[in-house]
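Colleague: I am new to this structure and would like to walk through it with you. Could you show it to me, please?

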Amino acid sequence: MTTASLSSLDEFMTQNSRVYNFSAGPATLPEDVIRQAQQDLWSIFGTGIGILEHSHRGKAFDRVLEECEADCRAVGNISDDYGVFFVQGGATTQFALIPMNYLPDGRTADYTDTGLWTNKAIKDGKVVGDINVAFDGSTCDYDHTPSDDEINCSDNAAFLHYCTNNTIYGTTFPAPPKTSAPLIADMSSDIYSGPLNLKPHAMIYAGAQKNLGPSGVVLCIAHREFLKSRCRELPSMLCYDKIEAKESRLNTPPTFAIYMMGQVFKWILREGGTEVMAQRNAEKAKLIYDVMEELSDFYHIHAQPHCRSMMNIHFKTPSADLDDAFIAGAAAEGMDGLRGHRNTGGMRASIYNAFPRAGCEALAQYMRAFATSHG
C-alpha cells in the first residue's frame, strides 16, 4: 500500500464519522480493534501476508489461535478443567447439536422458554428427543426471567438449558438457575459483559456477533468431563469433543472471525477486564432506564425491574406511529439500529461492551426532547 493511499484512507476516516450503532447484532466493535484489523488485513506479525490469507494450519494462525484461547481464559478466569474452542453455524446450530450430543434416548432435557431464541432451541431439541419446558415465558409475554421456584425441573434430566440474556424482550437472568442436572447456557448477547460465573455450568456457548466480534464463529466453553459424555455416534463435525480435541480445526475454521474475537479479548484485558465492563455497562444502561422511569407516562419498558437487561433495552412510546417517528428522528441525529424486533415492535437499544457511553448520553437526551415535543 502506498503512502498516498494510506493518507487517503486516513482522510476518508476523518471525514466520514461513524454513527451510533444500536444494532442487536452484528453490532458495534471497539474502534481500537477495527484499526488493528486494518493493519493485519495487509500484513500480520510482519509476515507480509494478511490474516485473511494465512493457512489455518500455518504458524501465523497457530499464534492467533493460541493467543485467542489464552486471552479468552484470562478474561473469563477459566480453569484448565474447561475446554475452550470455536465452532461454526452460529448459536442457532447449537440448538440441535447440544441435544444430539448430550440428550440420550429415553432421557428428558429441561428448557426455560424466555424468548424467541429459547423457543427455537426447544423446537430443535424436540426433533432430537424428549424436551420438558420447565418455564413457559409466553404466558407472561416474556416480561421476566423465572425465579427458581417458577422452574419445574424433571427428575434425572440430561441437562437444563437457558439463555442468560434475551435480546428481543430485554430480560436477563440475575443469577444462573439452580438444578441438579448439567447446566447449559446460551450467552450470546451478554458474555463477558461482567465477570463470568462459570462454576455452575457444564457448557456455555455464545455467537460472537453481539459482544465478542463479527458473525461466523461461536465460542464454546465446556467442562472436559461433560464433553466426554457424548451420548451417541455422530459425524465428526457434529461432535463437540472431537472439535475441542483438534483445537477447533477439524476442518478450516472461520479464521478471520477467530482473529477478531481474539482482538476483542485483548481489548477487554487492556480496558481492565470484566469488572470494568460490568461497571461501564451498568452506568450506560442507567442513563437510558432513568429517562424512562422519569417519563413513565410516555415510555413503556417491557422487562420487569428485577431482570432488566444491561445489553438490550426494549421500550415503546404510546403508539406505533410515535415509535416510527422516534426511530426516524433518531436516525437523523446519527443513531441507527433502534427499531425493535418484528415480534415486538417498538424500539430496542443494544449497548454491548464496545458501545460508547456517549451514544447512551445522546439517546437519553434525544428521548427527553422527543417526549417533550410529542407528549
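**An enclosed strand and its sheet**

Modeller: Strand β9 (residues 203–207) is largely enclosed by the rest of the structure, because five of its five residues are buried. Buried means under 20% relative accessible area, exposed over 50% and partly exposed in between, with a 1.4 Å probe and protein chains only. Helices (H or I, at least four residues) and strands (E, at least two) are DSSP runs, numbered from the N terminus.

Colleague: What should I know about the model itself?

Modeller: The model is predicted: local features need pLDDT of at least 70, side-chain atom pairs count only at pLDDT 80 or more, and totals for chains, interfaces and linings use all residues. Residues are numbered from 1 along each chain as its sequence is written, and side-chain values use heavy atoms, with hydrogens and water left out.

Colleague: Which residues of β9 are buried on each side?

Modeller: M203, Y205 and G207 are buried on one side, and I204 and A206 on the other, which leaves both faces of β9 covered.

Colleague: How many bridges join β9 to β8, and how many to β10?

Modeller: Three bridges join β8 to β9, and these two run parallel. β9 and β10 pair in the antiparallel sense over five bridges. Two strands pair if DSSP finds at least two bridges between them. D186 stands opposite Y205 in β9, while G207 has V218 in β10 as its bridge partner.

Colleague: In what order do the strands of the sheet come?

Modeller: The open sheet has seven strands with mixed pairing, in the order β2-β10-β9-β8-β5-β3-β4. Its edge strands, each pairing on one side only, are β2 (82–87) and β4 (130–136). On average, neighbouring strands are turned by 20 degrees against each other, direction ignored.

Colleague: And β5 with β8: parallel or antiparallel?

Modeller: Strand β5 (residues 160–163) and strand β8 (residues 183–186) pair in the parallel sense, over four bridges. There, Y162 has A185 in β8 as its bridge partner.

Colleague: Which strands does helix α3 touch?

Modeller: Helix α3 (residues 59–76) packs on the sheet and touches β2 and β10 (218–223), its direction making about 130 degrees with that of β2. Contact means heavy atoms within 4.5 Å. Axes are lines fitted to C-alpha atoms, for helices over the stretch in contact, and angles run from 0 to 180 degrees between N-to-C directions. Helix α5 (residues 116–128) lies across β3 (108–113), β4 and β5, at about 160 degrees to β3.

Colleague: Is C72 buried or exposed, and what is it in contact with?

Modeller: C72, found in helix α3, is buried, with a relative accessible area of 0%. Leaving aside neighbours within four places in sequence, C72 is in contact with I78, V84, Y192, L219 and F265.

Colleague: Changing topic, how much space lies in the largest pocket?

Modeller: The largest pocket holds about 490 Å³ of space. On a 1 Å grid over the protein atoms alone, a pocket is an open set of points with protein on both sides within 12 Å along at least five of seven lines, whereas a cavity is a set of points where a 1.4 Å probe fits but cannot get out; lining residues have an atom within 4 Å of a point. Grid points are joined across faces, edges and corners, and a volume is the space filled by probe spheres set on the points.

Colleague: Which residues lie nearest the centre of that largest pocket?

Modeller: Of the 24 residues lining the largest pocket, T172, F173, D190, S193 and P195 lie nearest its centre.
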